[in-house]
Amino acid sequence: MTTHRLTDRLGGLAFGGDYNPEQWDAATWKEDDELMHRAGVNLVTVGVFSWALLEPEEGRYAFDWLDAHLDRLHAAGVAVDLATPTASPPPWFTLAHPEAMPVTPEGVRLTHGSRDTYCLAAPAYREAARRIASALAERYADHPAVAMWHVHNEYATLCHCEHTAAAFRDWLRERHGSLDALNEAWGTAFWSQRYGSWEQVQPPRATQWHGNPGRSVDFSRFFSDLTLAAYREQRDAIRAHSDLPVTTNFMLPGYQTLDLWAFGREVDLVAIDHYPCAPGVDAAADTAFGADRARSFAGGRPWLLMEQGTNTVYAGDRTLPKEPGDILRHSLGHVARGSEGALFFQWRQSRAGAEFFHSALVPHAGADSRVFREAAATGAAVGRLAELAGSTVHARAAVLHDSDAWWAMNVNGLPSAELDYHGSLRRAHRALWDARVTTDFAHPEQDLSRYRLVVAPALFLLSDAGAANLRAYVEGGGTLLVQPFSGAVDERVQARLGGYPAAPLREALGIRVEEYRPLAADAELTLSDGSRARSWSESLRTEGAETVAAYTDGTLAGLPALTRHAFGAGHGWYLSTRLDDAAYAALVAALAAAAGLGPDVPGLPAAVESVTRRAGDGRRWHVLINHGSDPVTLPEPAHDLLTGGPLAELAPGGCAVLRAH
Ligand code: GLA
């Protein structure tokens, strides 16, 4: 295990981004040195897409150019997060190893021309990746510029080729033990899918109609494990030469190809890339959503925002500008929630290549631009926050998040196409964010006792262990809100029999769901408390719970819609329909308030987001962001690290980092 902390090395928080000097000339490098100094850049990620330059032919390395850049950066006082370039194999690799190119579910083998074109199960790819990682580590382990290692970039390329099929079968053998167990787990008696030999088992390739749900979820689990094995291989190759921190950057918020809880345990520092897809206050909420997930994957430890943009990325079908002040607000939004800095993709906007209009710290217009001025101001702000390094954030509310449940909710054959794992997760987090309650994400099987409120927005798949854990959480005094369609299947993706959700959880909720009743697209319901709902309903009966709100329309009129059960020392709530946004937010806010939860800094208007970072020695800092259009007077003036003086009033859109007494 590494003993080096990135922030010790940097002497504070990190500011900078991906730096691709190979796209530029000597005059630009000179300007880069000067502009990085002006912007307070202290860390750049180098080499992410440099494989073709580093290894121009198989086995022949060309490191001189990288030596020169690392020397230059070191002389300029900029540390380097040195990447392995394995996300983008060079053209020679593709030609020499066509069988290592990924195959789509339809059987199309992809060719060179973009990036991320490789198969993680192909021995030639794995060997080439391990070799270049090892060669880089051997050469640069002792280079004074190098502060950490960055394996690959945003692992996510799925493949359905024969290498993958063979690896999938090995994984299945390991997980299920025997073919009989596999047949049983996947329910292959349905549609004549019974496998008589392992060779008959295929990855979920294109097929005539719905595929098998058990196979689909097992393939997702397999792919995540395969990816983790590929990561470990590179990490260990680096570790053989260096004891600096090693990481890989997770892609957030909406991609779901990896079990990031498992990855969080293997990296030295969790790093995320986060590109909000909406402008304005939605981007701020999205920033908190990404940051809280990162901190949770890191087990509460500090983590690092590895990439963000100076624009939003693809808000639907276009990139939208970040409005003045957003670059600072989003950066501090991440720092508030535990990031050890704010990095960007990328330093200088490329003039050519696939992402030539992707935003950057130095835009095409150059340094005489709003974007660079805001970037430099943000760098200066981050530079004043050194004392926050190593401090952490303590949340008392959690939203349950499990990759198995996410993958399971993507299978075909579910009762409604409106079921949306990621949307439900965001909505739950957003309701808590709107209530200004700092929130973790938690796995359903982890110890939940530190949380006063746990929300389970979309636990379609729930293991026996998870159901027992949630029951114990309520019994021990917690407040749990479980939402529709939860606990419907077990870890094999088989339906729970005898009533939903999974039996031990049902006891804590004091209800039994008999029937799922999705609603027509235009149907709207009014519940007995006046709140409106749509999209989904359930026929349930109480078994100990009290009805808080009942259905009033149609077949379900008079039956429970929202229930509450006093169980042990806690309370289990069950919501069986999809409330409209306002009613849902009000419910979550009321549960949070009843559980004694509120903003980290009390006494501020709702427009102000406040998060407290705490050091092990008792020091605390409040990060404030005013999302409103009015100035806010602070309850008492405090020392603001951003201005270096006392602060009594927070401007509209303004940020502060206050030293707490
Ligand atoms: C990711 C990648 C970068 C870049 C950005 C674009 O985060 O890591 O290389 O493609 O997306 O938003």
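**Close-up views of a predicted model**

**View 1. Helices H7 and H8.** The axes of helix H7 (residues 162-176) and helix H8 (residues 179-186) cross at roughly 90° and come within 9 Å. H7 is therefore roughly perpendicular to H8, the term for angles of 65 to 115 degrees, whereas angles under 35 degrees count as roughly parallel, those over 145 as roughly antiparallel and the rest as oblique. Axes are lines fitted to C-alpha atoms, for helices over the stretch in contact, and the angles, from 0 to 180 degrees, are taken between N-to-C directions. Helices (H or I, at least four residues) and strands (E, at least two) are DSSP runs, numbered from the N terminus. On the H7 side, the contact (heavy atoms within 4.5 Å) is made by Phe 168, Leu 172 and His 176, and on the H8 side by Ala 181, Leu 182, Ala 185 and Trp 186. Six of these residues are nonpolar, one is polar and none is charged. In this classification Ala, Val, Leu, Ile, Met, Phe, Trp, Tyr, Cys and Pro are nonpolar, Asp, Glu, Lys and Arg are charged, and the others, Gly among them, are polar.

The structure is a predicted model, in which local features need pLDDT of at least 70 and side-chain atom pairs count only at pLDDT 80 or more, while totals for chains, interfaces and linings use all residues. Residues are numbered from 1 along each chain as its sequence is written, and side-chain values use heavy atoms, with hydrogens and water left out.

**View 2. Helices H4 and H6.** Helix H4 (residues 64-75) and helix H6 (residues 123-140) have axes that come within 12 Å and cross at roughly 45°. H4 is therefore oblique to H6. Asp 64, Leu 66, Asp 67 and Leu 70 of H4 meet Leu 136, Arg 139 and Tyr 140 of H6. By class, this contact has four nonpolar, no polar and three charged residues.

**View 3. Helices H15 and H18.** Helix H15 (residues 421-434) packs against helix H18 (residues 581-594) at an angle of about 60°, with their axes 9 Å apart. H15 is therefore oblique to H18. Arg 427, Ala 428, Ala 431 and Leu 432 form the H15 side of the contact, and Asp 581, Tyr 584, Ala 585, Val 588 and Ala 592 form the H18 side. These residues divide into seven nonpolar, no polar and two charged.

**View 4. The surroundings of the ligand.** Around the ligand are Phe 49, Arg 115, Asn 153, Glu 154, Asp 273, Tyr 275, Glu 307, Val 313, Phe 345, Glu 355 and His 358, each with a heavy atom within 4 Å of the ligand. An oxygen atom of the ligand lies 2.3 Å from a polar side-chain atom of Glu 307. For Glu 355, the distance from a polar side-chain atom to an oxygen atom of the ligand is 2.6 Å. An N or O atom in the side chain of His 358 is 2.7 Å from an oxygen atom of the ligand.

View 5. The peptide bond from Phe 345 to Gln 346 is cis, with omega near -5°. Gln 346 belongs to the loop between strand S9 (339-344) and helix H13 (370-383). A cis peptide bond also joins Tyr 500 to Pro 501, with omega near -20°. Pro 501 is placed in the loop between strand S13 (479-482) and helix H17 (503-509). His 152, a residue other than glycine, has a positive phi near 60°. This histidine, His 152, lies in the loop between strand S4 (146-150) and H7.

Terms used
A polar contact is a pair of N or O atoms within 3.5 Å; within protein, one must be able to donate a hydrogen and the other to accept it, and residues adjacent in sequence count only if both atoms are side-chain atoms.
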